[in-house]
Amino acid sequence: MCASPDSSLSTLYIATACFINHAKALLVVRKRGTTMWMLPGGKLDAGETAQQAVIREVGEELQVSLSPNDISFLGSFQAAAANEPDTRVSAHVFRARLPEGQQFSLAAEIEACDWLSLSKPTPPRVAPLLREHIIPMLQAAPSH
């Protein structure tokens with residue numbers, strides 16, 4: 001039986017940030033009460049651009065103050081939502097750099113963070129957006 005795209009799925013419009021450290025590892029976060037690792041970021045508020053949303057969300061979740069100069073657009077992707085059934089995410093993904101003198105500090109709904117090596121196989125508990133799109137794109141990109 002062939003499945004057709006389900007138009008009954010709702011879509012969340014989100015903006016996310018990829019922080020990559022010197023060891024070529026990607027910062028991932030896990031929301032309180034969930035098991036899936038994902039990128040920091042979240043839903044766009046009404047009238048908000050993706051750039052404004054990712055700056056706001058990183059501030060709320062990680063207590064980091066980004067400026068537009070700290071981020072660059074990587075692409076837009078769609079995937080199944082990690083923690084909401086019958087939902088897809090439409091994500092604007094940005095590469096972000098931690099501003100000098102700042103550190104990550106978990107806040108809002110974020111329970112944990114970790115660094116995911118881009119040179120090792122992707123672990124099982126990673127959100128579909130990361131697994132299907134972002135990690136393969138980052139692994140294929142030339143090193144900066």
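## Salt bridges

A salt bridge is a side-chain nitrogen of Lys or Arg within 4 Å of a carboxyl oxygen of Asp or Glu. The structure is a predicted model, in which local features need pLDDT of at least 70 and side-chain atom pairs count only at pLDDT 80 or more, while totals for chains, interfaces and linings use all residues. Residues are numbered from 1 along each chain as its sequence is written, and side-chain values use heavy atoms, with hydrogens and water left out.

By this rule there are six salt bridges. One of them joins the side chains of aspartate 70 and arginine 97, at 2.5 Å from N to O. This pair links distant parts of the chain, 27 residues apart: aspartate 70 is in the loop between H1 and E4, and arginine 97 is in the loop between E5 and E6. Helices (H or I, at least four residues) and strands (E, at least two) are DSSP runs, numbered from the N terminus. Aspartate 70 is buried, with a relative accessible area of 8%, whereas arginine 97 is partly exposed at 47%. Here buried means under 20% relative accessible area, exposed means over 50%, and partly exposed lies in between (1.4 Å probe, protein chains only).

## Arginine 30 and the pair with glutamate 111

Another salt bridge is formed by the side chains of arginine 30 and glutamate 111, at 2.6 Å from N to O. This pair also links distant parts of the chain, with arginine 30 in strand E2 (residues 25-31) and glutamate 111 in strand E6, 81 residues apart. Arginine 30 counts as buried because its relative accessibility is 17%. Glutamate 111, with a relative accessible area of 41%, is partly exposed.

Alanine 82 counts as partly exposed, at 26% relative accessibility.

## A network of charged residues

Salt bridges link Asp45, Glu48, Arg56, Glu57 and Glu60 in a network. Within this group, arginine 56 forms a salt bridge with glutamate 57, and their closest N and O atoms are 3.2 Å apart. Arginine 56 counts as partly exposed because its relative accessibility is 21%. Glutamate 57 is buried, with a relative accessible area of 8%.

## Glutamate 61

Glutamate 61 is placed in helix H1. This residue is buried yet has no salt bridge, and the nearest side chain of opposite charge, lysine 31, is 5.8 Å away. For charge, Lys and Arg count as positive and Asp and Glu as negative; His and the chain ends are not counted. The side chain of glutamate 61 does reach the backbone nitrogen of glycine 41, at 2.9 Å.

## The largest pocket

The largest pocket has a volume of about 620 Å³. Of the 24 residues that line this pocket, Phe19, Ile20, Asn21, His22 and Arg95 are the closest to its centre. Strand E1 (10-19), strand E4 (71-80), strand E5 (87-96) and helix H2 (128-140) are the elements that give two or more residues to the lining. A pocket is defined on a 1 Å grid over the protein atoms alone, as an open set of points where a 1.4 Å probe fits, with protein on both sides within 12 Å along at least five of seven lines; lining residues have an atom within 4 Å of a point. Grid points are joined across faces, edges and corners, and a volume is the space filled by probe spheres set on the points.

The lining divides into 12 nonpolar, eight polar and four charged residues. In this division Ala, Val, Leu, Ile, Met, Phe, Trp, Tyr, Cys and Pro count as nonpolar, Asp, Glu, Lys and Arg as charged, and the others, Gly among them, as polar. Isoleucine 20 has its place in the loop between E1 and E2 and counts as partly exposed, at 23% relative accessibility.

## The second largest pocket

The second largest pocket has a volume of about 320 Å³. Its lining has 22 residues, of which Ile14, Lys31, Met38, Gly42 and Val89 lie nearest the centre. The elements that give two or more residues to this lining are E1, strand E3 (41-43), helix H1 (50-62) and H2. By type, the lining residues are 12 nonpolar, four polar and six charged.

Terms used. A polar contact is a pair of N or O atoms within 3.5 Å; within protein, one must be able to donate a hydrogen and the other to accept it, and residues adjacent in sequence count only if both atoms are side-chain atoms.
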